[in-house]
Amino acid sequence: MWKVLIITIAIVAVALLLLCVRILLKPNGRFSSQHISQSEALRERGIGCANQDDRNARRGSAQRIDPKEL
């Protein structure tokens, strides 16, 4: 039981270390934003945030939906 626990903790520690290599080695390092609207590659393909797409679709709709009536 203890052997499995120690191995599991070691694997998790190595995984966290590998995830943080860029942050630890680069001055002022940080994770890049994971939000869809801030991804340059997705913007080039015309892929946007689902909430923003929904808002844009509702603006162009002839029939307005009032959330209070739902």
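Me: Where does V14 lie?
Reply: Helices here are DSSP runs of H or I with at least four residues, strands are E runs of at least two, and both are numbered from the N terminus. V14 sits in helix α1. This is a predicted model, where local features need pLDDT of at least 70, side-chain atom pairs count only at pLDDT 80 or more, and totals for chains, interfaces and linings use all residues. Residues are numbered from 1 along each chain as its sequence is written, and side-chain values use heavy atoms, with hydrogens and water left out.

Me: Is V14 buried, partly exposed or exposed, and why?
Reply: Buried means under 20% relative accessible area, exposed means over 50%, and partly exposed is in between (1.4 Å probe, protein chains only). V14 counts as partly exposed because its relative accessibility is 48%.

Me: Which residues form the nonpolar patch with V14?
Reply: Like charges are joined within 9 Å, and nonpolar side chains (Val, Leu, Ile, Met, Phe, Trp, Tyr) within 5 Å. Here V14, L17, L18, V21, L24 and L25 make up the surface patch, with about 620 Å² of accessible area together. The elements giving two or more residues to that patch are α1 (2-19) and α2 (21-25).

Me: Where is confidence lowest in the protein chain, and where is it highest?
Reply: pLDDT is the predictor's confidence in each residue, from 0 to 100. Where it is low, the predicted coordinates should not be read in detail. In the protein chain, α2 has the lowest confidence, at a mean of 78, and α1 the highest, at 94. The chain averages 81, and 89% of the residues score at least 70.

Me: How many disulfides does the structure hold?
Reply: You'd look for a pair of cysteine sulfur atoms within 2.5 Å. The structure holds 0 disulfides. As for cysteines, C20 is partly exposed, at 25% relative accessible area, whereas C49 is buried, at 18%.

Me: What separates the C-alpha atoms of R30 and C20?
Reply: They are 8.9 Å apart, with R30 and C20 10 residues apart along the chain. R30 is in the loop between α2 and α3 (40-44), and R30 counts as exposed because its relative accessibility is 68%.

Notes: Patch = residues over 30% accessible without salt bridge, like charges linked within 9 Å, V, L, I, M, F, W, Y side chains within 5 Å. Areas by Shrake-Rupley, 256 points an atom, 1.4 Å probe, with all protein chains shown as cover. Salt bridge = Lys/Arg side-chain N within 4 Å of Asp/Glu carboxyl O.
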